[in-house]
Amino acid sequence: LYDKSSMIAINEPGSMFYFYVPHPRLWWCNGMGKPNLYEFTCEFTIGKQVISEKVAFGIRIIELAVQPDHFGTSFSFVLNDRPVFIKGASWIPADNFLPRVTTEKYYMLLKGAQESHMNMMRVWGGGVYEDDRFYNICDSLGIMVWQDFMFAEGMYPADLHFQQMVSLEVRQQFFRLSEHPSVSIWCGNSGSTDSWKNNRSEKGRGITPADSAKIVAGYNKLFLEEIRKIVKTADRNAIYWPASPTAEADNVAAFRNGDVQYRGVWWGMDPLKSYETYVGRFMSGYGFQALPSMISIREFAGNCNSLNDTWLKNHQKHPGGFERIAEYMLRDYPVPDTFCNYVYVSQLVQSDGISRAIQAHRRNRPYCMGTLFWQYNDCWPATSWSTVDYFGRPKLLQYALKELYAPVLVSVEEENDSVFVYIVNDDTSTHAGTISFRYMNFDGTILNEGQVPAVALHGTSSIPLVFKRSFFMDSAITVNGVLSLVFYYENEQTVRRVHYFDSPKNLQLPKNPGLKIIVTPSSVSGTFFISITTKQLAKSVYITLDGQDARFSENGFDLLPGEERIVTLTGDFEKSEIENSLVLLSLNALAN
């Protein structure tokens, strides 16, 4: 944009200058446009010494709309004057030993997030300020960053010395990271208000009213005054949010104002369906555990084949984690009698729960304008809330996110005697077409079908189709019937959703649905196409290569009667090797 005549001589220490970029290509987050970046080169000449620095930067305006309305107070991000529905997760350190995190691992994890249509990562306040490489990759992939300052789940000293140390830390990190267009919001702490509420009431802590008043005063001084002042002095346009969540989730008002973290499922043992009820203005935390894949378990626990294995238990840091997984499994799923199948079903339960939450959050747009589940990655091999394990292997939820976070979503909500079909459109343009429905038995017999025109305005959640519950509720077919929905719109694009009217453990799935597999090498070395067909409904089809590390384009999907799914497999294999070691599992084999 500029030639040498545009160079500026700076003679005064601490001088500042501005430059103008006409008609800039704006930086957009994933799903909203391209994350356009510019490269700025700055050379300082001091006598004969030349110091050169190159900085990549993006031009964008990010605002946080926190406005009173007839519900309470909104909480939504606006990027370049466009509202953005936030879709993402919390990020924790990618390794307990930070120097082991390579650029390749950063990129692999963040590229996987981008491919799952995520547009934000929350750098959790109980971890670390990440390496520059993390933020550079987020800049290039269009992933916005919710940056916590490193305070989480506790109260902090109020003395002057500690606050001076905090001030230095905040200044250093703000000036290091604020140049990144991806860094969108600065949050004072994660969960400290919740932690204070829970801990101060515990017996035996000896916290007096005077102690309590001093602690709260120190908290307010640190997070409501000092950190805010530093951030706003450095950049008056920067977004600062003192604490997340805004209020405790057991307060009804918390779901009407600001951000909220719902922990009733898992921590409170609420049913998975509760995710559909507890929807706030911005859901900044919720989660569910699952075991990592068998090949990952073998890497850290050897030939483990039981939940009682010592190595496995040492890699589960929630004291009642396995018991909670078992309880939720017992409620809604068939409980397997082998450890390998138990691992598989644990991932189905996690995917089921988080899927319910994400769909409910997106259906309630614009009341709710964001969803960040806990958590995306792992810092060590473990049974945890992550959707990608320590070794970078996806759990079934990670595969499901490609549909759950896609720009256009078809979703179903049952309420009283009605069944509502939603189309949620987070895309930048309106889509028009038809939505077709088929209600069928598991053997493929069509019980009812039809189609209606549908228009999905961009940035909306709409209901193009409503059924009376009695339309599906013939008692003879509720446990072996499935509703298939497809939204067809321009350029032959489709979005699909299948919906069942009973829990998986009650479904009368055919034991042998007639699954068939054909493996075909592609023209690209190390890539194969796996064609999977079925005669009858096959639920939660899961593909693995026995004892080998293989990457699949999708997994854990349902196949309708007569349907074909082509999955891409990548890895250094021979065709015969794949055919001999391919393991195909579905929930049908575990059904009662």
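Begin by selecting Ser192, which is found in helix α4, a helix that covers residues 192-200; helices here are DSSP runs of H or I with at least four residues, strands are runs of E with at least two, and both are numbered from the N terminus. What you have open is a predicted model, in which local features need pLDDT of at least 70 and side-chain atom pairs count only at pLDDT 80 or more, while totals for chains, interfaces and linings use all residues. Residues are numbered from 1 along each chain as its sequence is written, and side-chain values use heavy atoms, with hydrogens and water left out.

Stay with Ser192, which counts as buried because its relative accessibility is 0%; buried means under 20% relative accessible area, exposed means over 50%, and partly exposed lies in between, with a 1.4 Å probe and protein chains only. Now show Gly154 as well, and you will find that the side chain of Ser192 reaches the backbone oxygen of Gly154 at 2.8 Å. If you leave aside the neighbours within four places in sequence, the residues in contact with Ser192 are Ala152, Glu153, Gly154, Met155, Tyr156 and Tyr219, where contact means heavy atoms within 4.5 Å.

Next, turn to the aromatic rings. Rings of Phe, Tyr and Trp (its six-membered ring) pair if their centres lie within 6.5 Å, and planes under 30 degrees apart count as stacked, over 60 as edge-to-face and the rest as tilted; by this rule the count comes to 41 aromatic pairs. Select Trp267 and Trp385, whose ring centres are 5.9 Å apart and whose planes are at 15°, so that this pair is stacked. The pair links distant parts of the chain, 118 residues apart, with Trp267 in the loop between β11 (259-261) and β12 (282-285) and Trp385 in the loop between β13 (370-373) and α10 (396-404). Trp267 is partly exposed at 46% relative accessibility, whereas Trp385 is buried at 16%.

Then select Phe437 and Phe471, an aromatic pair that is edge-to-face, with 6.2 Å from centre to centre and 75° between the planes. Phe437 lies in strand β16 (residues 431-441) and Phe471 in the loop between β18 (460-468) and β19 (481-489), so the pair ties together parts that are 34 residues apart in sequence. Phe437 counts as buried at 9% relative accessibility, while Phe471, with a relative accessible area of 32%, is partly exposed.

As a last stop among the rings, select Phe75, Phe77, Trp146, Trp241 and Phe282, which ring pairs link into a cluster.

Key:
A polar contact is a pair of N or O atoms within 3.5 Å; within protein, one must be able to donate a hydrogen and the other to accept it, and residues adjacent in sequence count only if both atoms are side-chain atoms.
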